[in-house]
Amino acid sequence: LGNCPPFLAVASKILLHGHWHPERTGKTRNYDKGEEEDFADSCTSLMEQSEWWWEHLQVIRENTMVALSNIAGHMDLNPLPSTIVQPLLSGLLEWAVSPASVAQDPFANVGINSNISPQRLAIETLCKLCIQEGNVDLILSTPPFSRLEELCGFLSKKLYRSEDQVMREFAINLLFYFSGADTGVARTIALQDTTVSLLIGFIEQAENNAMVVAQQHGVNALRDNPDSMGTSLDMLRRAANTLNNLSKHRDNKTIFVRQEQRLLNLVMSQILDQGVAGIVSQVIFQISREDS
């Protein structure tokens, strides 16, 4: 299915069928209008619908997004025509940044306690698509750029959410792929509030967890089971490589200089994986270079 143009063409149309955000009006809000509600800030998926097919559309869209998330890791979009690729990626990006509750709340069929929402599936699908390097370029070139800026801001905020480890790691993965593909996007990511600090904090948290494990169970237990520090070594390396990608943009230097002591502490850590520490040392090297 991942290389089936007819399926992907249909899926790209289903993603945003019947879902859009009306243009906001510039009129003054009337707080006393009573029954006359203004839906200008809502998406059409939240409005009352009378069509017989509306409920079925939501189920079909859910199934489509689940299917896409399952096959995304095997999809190479480069050989496909733009008439398929652009609507597909635009639909995924739209759901990823949509502020509407219909995007952020769980699907109706999975229960209110589930964390499976259209937004989460869109983020997961984008993350798996980035396994193919060519797909990253296609995602970053999907207009408008303002939506990509919104996505970077959303991903940066997810770095706060230590209680939602899966979404946090999705965010780190996407930031890693985006920052390595385009220096302009690397600048956009670094400009998001506290992104650099939170990426360093992610590594620091893993280091602290590793220290606790080593103290309680010994270094051998940590060596045999690195995931006991709360994340994988691969994820730590991606977080460190994201910092390295961001540090290569000279305009980001001032952001990193403020975090230099924290970076030095990680490099000198006795418990942190040496591969991760080596990448962090490259970050310090990048920000210490004189502008040529």
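Leu-129 is found in helix H5, which covers residues 118-129. In this predicted model, Leu-129 is buried, because its relative accessible area is 1%, and buried means under 20%. The C-alpha atom of Leu-129 is separated by 8.9 Å from that of Ser-69, although the two residues are 60 apart along the chain.

- Leu-155 is found in helix H7, and it counts as buried because its relative accessibility is 0%.
- The C-alpha atoms of Leu-155 and Ala-171 are separated by 4.9 Å, and these residues lie 16 apart along the chain.
- Glu-149 also has its place in helix H7.
- With a relative accessible area of 36%, Glu-149 is partly exposed, because that value falls between the limits of 20% for buried and 50% for exposed.
- A separation of 8.2 Å is found between the C-alpha atoms of Glu-149 and Val-185, which are 36 residues apart along the chain.

**Cysteines**

- A disulfide is a covalent bond between the sulfur atoms of two cysteines.
- The structure holds zero disulfides.
- Cys-130 is in no disulfide; the nearest cysteine sulfur belongs to Cys-127 and is 6.6 Å away, whereas a disulfide requires a pair of cysteine sulfur atoms within 2.5 Å.
- Cys-130 counts as buried, because its relative accessibility is 2%.
- Cys-4 counts as partly exposed, because its relative accessibility is 27%.

**A cis peptide bond**

- Pro-143 and Pro-144 are joined by a cis peptide bond, with omega at about 0°.
- Pro-144 lies in the loop between helix H6 (133-140) and H7.

**Helix H1**

- Helix H1 comprises residues 5-16, which makes 12 residues.
- From its first C-alpha to its last, H1 reaches 18 Å, close to the 16 Å expected at 1.5 Å a residue.
- Leu-8, Ala-11, Ser-12, Ile-14 and Leu-15 are buried in H1.
- Seen down the axis of H1, these buried residues fall within an arc of 165°, so they line one face of the helix.
- An α-helix has 3.6 residues a turn, so residues three or four places apart point the same way.
- The exposed residues Pro-6 and Lys-13 are carried on the face of H1 turned away from its buried side.

**Helix H3**

- Helix H3 covers residues 82-97.
- The 16 residues of H3 should span 22 Å at 1.5 Å a residue, and the end C-alpha atoms are 22 Å apart, which agrees.
- H3 is mostly covered, with 12 of its 16 residues buried.
- Among the buried residues of H3 are Ile-84, Val-85, Leu-88 and Leu-89, and also Glu-94 and Trp-95.

**Helix H15**

- Helix H15 runs over residues 274-288; its 15 residues should span 21 Å at 1.5 Å a residue, and its end C-alpha atoms are 21 Å apart, which agrees.
- Val-276, Ala-277, Ile-279, Val-280, Val-283, Ile-284, Gln-286 and Ile-287 are the buried residues of H15.

**Packing of helix pairs**

- Two packed helices are described by the angle between their axes and the distance between the axes.
- H1 and H3 pack at an angle of about 40°, and their axes are 8 Å apart.
- That angle makes H1 oblique to H3.
- The crossing in which H1 passes H3 is left-handed.
- H3 packs with helix H7 (residues 145-158) as well, at an angle of about 45° and with the axes 9 Å apart.
- H3 is therefore oblique to H7.
- H3 passes H7 in a left-handed crossing.
- Helix H10 (residues 195-217) and helix H12 (residues 233-247) have axes that come within 10 Å and cross at roughly 150°.
- H10 and H12 are therefore roughly antiparallel to each other, because angles over 145 degrees count as such.
- The crossing in which H10 passes H12 is left-handed.

Methods: Residues numbered from 1 in each chain as written. Predicted model: local features only at pLDDT ≥ 70, side-chain atom pairs only at ≥ 80, totals over all residues. Heavy atoms only, no water. Buried < 20%, exposed > 50% of the residue type's maximum accessible area, 1.4 Å probe, protein only. Helix = DSSP H or I, 4+ residues; strand = E, 2+ residues; numbered from the N terminus. Expected span 1.5 Å × (residues − 1). Arc of directions from axis to C-beta. Axes fitted to C-alpha atoms, helices over the stretch in contact; angles between N-to-C directions. Parallel < 35°, antiparallel > 145°, perpendicular 65-115°, else oblique. Left-handed = near helix turned anticlockwise from the far one by under 90°.
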